[in-house]
Amino acid sequence: MRNLLIYFVLSSVIWSCQKDSFLEERGANPTGDSTISVDPTDEEIFDDIDLQDPRASLDNSSQGLYRGIFSTYDGVYHGEIVINLGNNGEMAAAIHFINGQKMAFMAETETLTTVAFRNNQGSFFFNVADIDDPKATQVVLNEVPGYIKAYKERSSRRISIALGHYDDSLEPDFKGNWDLISFGIREFNFPGAFRLSEVVISRGEQVYVDLERDTTEDFEGCFGFDVRGPYIAQVSGDIALLEGKNQFSNFNGFRCDWNLSYSFQNNRGTYSDTRCAPTAQSGVWFWNGRNGRLFVDALRIN
């Protein structure tokens, strides 16, 4: 405990909101995954964290890498967030928005288990007292409140994400984010695929997480495999897949049935129906007497 306290105190001194001190000696990085300049850009900071491998020695520690979803409640800023809590001896956070923009945050130690992340546009607090259920609070960007759902990555399991949104077929104002998270559990019947184990949706300032935390409705996939539930896969360098047929989740005490099959190739996305015909224009959902469409905005597979 004393060593961890010393670590966080030193980290606070090192960072102290000084972006140019982010990494003056890149050669000291034990992962050796990337090269970054002395005065890094936001893009370099995101890429530096994104390319690191989680250190096995930190698998059961609050230190390490965390990855997940960031969004403001209005949905204007929506993307993947990566957080480095000393995986390579440094601390920082960065977001890769759906529109391609990247934004970095500097770290300031608040308590033994809480770190504040700030830049000139926003801030948030990240608490890792429970490494399997970290909490982000006071999330603000450009004066708009938001939320973060991020989880610890381990050396044997990386986090992958499908970022998306939904709407209602009859009510234009009924809309929000629809995001899927994989905790890196492999789909053994489909080599290279990872199960999608959590669904996170938003509407206004409400965020709902599938209470099951594990969608396991079996189905016959479109590629000749019987799978144990929805999955995400990088089939090749330019082909990514997401498939979830005849699934259901529980949000706010109500069952939500949904279908979403999507492939991305050559910078073009295609939706398929439950019979695998590439004729669909979106996925679909049915929840508490409502129904609407599901869209995929970005696949981030690690």
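**Reading the labels**

Analyst: Happy to! Serine 282 sits in the loop between β19 and β20; strands here are DSSP runs of E, at least two residues, numbered from the N terminus. This is a predicted model, where local features need pLDDT of at least 70, side-chain atom pairs count only at pLDDT 80 or more, and totals for chains, interfaces and linings use all residues. Residues are numbered from 1 along each chain as its sequence is written, and side-chain values use heavy atoms, with hydrogens and water left out.

User: Why does serine 282 count as buried?

Analyst: Buried means under 20% relative accessible area, exposed over 50%, and partly exposed in between (1.4 Å probe, protein chains only). Serine 282 has 13% relative accessibility, so it counts as buried.

User: Which residues is serine 282 in contact with, leaving aside its neighbours within four places in sequence?

Analyst: They are Tyr271, Arg293, Leu294 and Phe295, where contact means heavy atoms within 4.5 Å.

User: What makes cysteine 222 and cysteine 276 a disulfide?

Analyst: A disulfide is a pair of cysteine sulfur atoms within 2.5 Å. The sulfur atoms of these two are 2.1 Å apart, so they form one. Cysteine 222 lies in the loop between β14 (219-220) and β15 (226-227), and cysteine 276 in the loop between β19 (268-271) and β20 (283-287), 54 residues apart.

User: Why is the disulfide of cysteine 222 and cysteine 276 called left-handed?

Analyst: Because the torsion about its S-S bond is about -90 degrees.

User: Why is cysteine 256 called buried?

Analyst: Its relative accessible area is 1%, so cysteine 256 is buried. Cysteine 222, at 25%, is partly exposed, and cysteine 276, at 27%, is partly exposed.

Key. Helices (H or I, at least four residues) and strands (E, at least two) are DSSP runs, numbered from the N terminus.
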